Amino acid sequence: MSIRARFAPSPTGQVHIGNIRTAIFNYLFTRHNKGEFLLRIEDTDLERSTKQAIDALYDCMKWLGLDYDGEVMYQTTQSEHHKQVAKEFAAKGLAYELNPGEENTPVLFRLEYDCDSFPFVRSKGMVKVEVSAEAPVKINRAGVVYSTVNHKGKVVESAGCLAGFKDLKVYGKEGEILFALTSGNIEEIKSLVEPVTIENASAIEFERREVYYNDLVKKELSKPLDSIKDFIIIRSDKSPVFHLANVCDDITQHVTHIVRGDDHVENTYRHLFLFHAMGYPVPVYAHLPMIVNASGKPYSKRDGDAFVGDFREKGFLPHALFNYLALLGWSPGDDREKMSMEEMIEAFEIEKAQHSAAQFDFAKLSNMNGAYIAEMAFDEFENICWDFAERFEYKGNADRNVFRKVASLMQSRTKVFTDIAAWSYFFEDVKEYDAKGMKKFLKDETMRNALSSLVPVFAAGDLKDASAIENAIRNAETAFGFGQGKLNQSVRVAVTGTTVGAGMYETIEILGTEKCAERITKALAQPLPA
RNA sequence: GUUCCUAUCGUCUAGAGGCCUAGGACACCAGGUUUUCAUCCUGGUAACACGGGUUCGAAUCCCGUUGGGAAUGCCA
């Protein structure tokens, strides 16, 4: 049977990079294995799920090239099915109401007591736990509640589902058995609403079982069953809870592999029981580590730049983002980093995914984006720049031919498309002068005189190409006793207001020497920063 | 509190008991090319969290400690 994996986002707000990284891994995983990549939109949270959020999701996926197979499933269309499944559970004794008989009561799923034969449950042998006599041991259908004394002498309460305490015995002070869970009374306990309360217990003893599964990324994972509780599957308003809906839909969509964030590791232990209760073989899981922000913390609402849409706005190429995100928590095992889609699909082995969280590095993404820009065909680059310039005022003054020349000078200098904001001095007057640059290059008196001497030379307007312009600058340097090239940066600051840019002579050539003469005069009239 | 997960340069990572004097990339620093800026090239600083074990041999396997994260929701 071929592999079927899904991306199942809840469309609440913007699409987050952590989320889309999960989509990328699912995509690469299925494409590598020639399987199917399904999309399911978990829109059951009516309060927060919006049309805009769904549109934003499709938009992001399309932009990144994440094409999915088959029809999209909207989870809200499945809610009748979810409720039906819950009813079947109740009929089979696998679910019960929290407050029986009450109108608005949630429904809980019971972790099956007779689970020794389940393929994901195993025994860890008998354990004995000292309990505090200060609080009673309570047992009912929801499980066992008991208290222990911690190393500081504090009484701490613990609770777990019935299934966690196979063959439970509660001992009194003299070691006598106060209560025992047996095949004879288990059915009765399973229906007990009011708990059996056992005072003055000294210890409990039971067979500890644990739930386990083999994660493709994290290898074998396990958790004691006595640390898991029965859980709600239907809310008091009758709506299905995530756990139920998620598992039901995975079954409906015939999902074979679940690739998701490792914040779901703990849910998996419960979902395993759900799959089993519905008679479906448990899928294979792969839990991906999270992406954290520059301070090493999980992304929160404050980290504004974590949305896919923001990266698009900032001028990142979709493939650069895709490539970078694929490398966050995965590597092909060799030194390759810049990879085509085909290469990534070919190399993608989910087992090579990292076990621990990865920190997002904006600088590395920018560098990779710059590398992709550098190798772009010039026309494509120029077209994107022209579109991008829409958001900058200078575009109003820009002649497309001049813009083209500027773009050809700037391609190797562009990391992100918003960098082209800095091209404004080609199309409009310098509004701001870099303070550091002015202090460094426009302060010296002789230097200012040398610059002044350039004004009439430029104003004459007979220097037509870069090498003539270069000669003029060389001459001024010689006349004022400067070494070769000493004047370049001063001219740059005076003409462009900044210390970085394209080649100086080419820049002046595009601008025209007359305009540069005006700008030098204007720059020399600026007050020097303190 | 309990349970689960996790730990290699500042960051992303390579590493499957001997190929490790720990490799690559980003960032940073220095030098070169460009008489300037950027690209580019060369070089450099920089890591196996700590403590025990297993082994002839440990970044790698085991245990513990510490740090980080998660779950313990009628959120998903």
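Predicted model: local features only at pLDDT ≥ 70, side-chain atom pairs only at ≥ 80, totals over all residues.
Local features need pLDDT of at least 70, and side-chain atom pairs count only at pLDDT 80 or more. Residues are numbered from 1 along each chain, and side-chain values use heavy atoms, without hydrogens and water.

Helix H8 (residues 318-326) packs against helix H10 (residues 362-374) at about 135°, with the axes 9 Å apart. Helices are DSSP runs (H or I) of at least four residues. Axes are fitted to C-alpha atoms, and angles run from 0 to 180 degrees between N-to-C directions. H8 and H10 are therefore oblique to each other. The contact (heavy atoms within 4.5 Å) includes His319 and Tyr324 of H8 and Met368 and Tyr372 of H10. Its residues divide into 6 nonpolar, 3 polar and 1 charged.

The structure holds 34 salt bridges, each a side-chain nitrogen of Lys or Arg within 4 Å of a carboxyl oxygen of Asp or Glu. Lysine 338 pairs with glutamate 375 at 2.8 Å. The pair ties together parts 37 residues apart in sequence.

Arginine 400 bridges to glutamate 382 at 2.9 Å. Arginine 400 lies in helix H12 and glutamate 382 in helix H11. Glutamate 382 is buried at 1% relative accessible area, whereas arginine 400 is partly exposed at 31%. Buried means under 20%, exposed over 50% and partly exposed in between, with a 1.4 Å probe and protein chains only.

Glutamate 477 and arginine 474 meet at 2.7 Å. Both lie in helix H15, 3 residues apart.

How values were computed: Chains lettered and ligands numbered in written order. Helix = DSSP H or I, 4+ residues; strand = E, 2+ residues; numbered from the N terminus. Parallel < 35°, antiparallel > 145°, perpendicular 65-115°, else oblique. Nonpolar A, V, L, I, M, F, W, Y, C, P; charged D, E, K, R; others polar.
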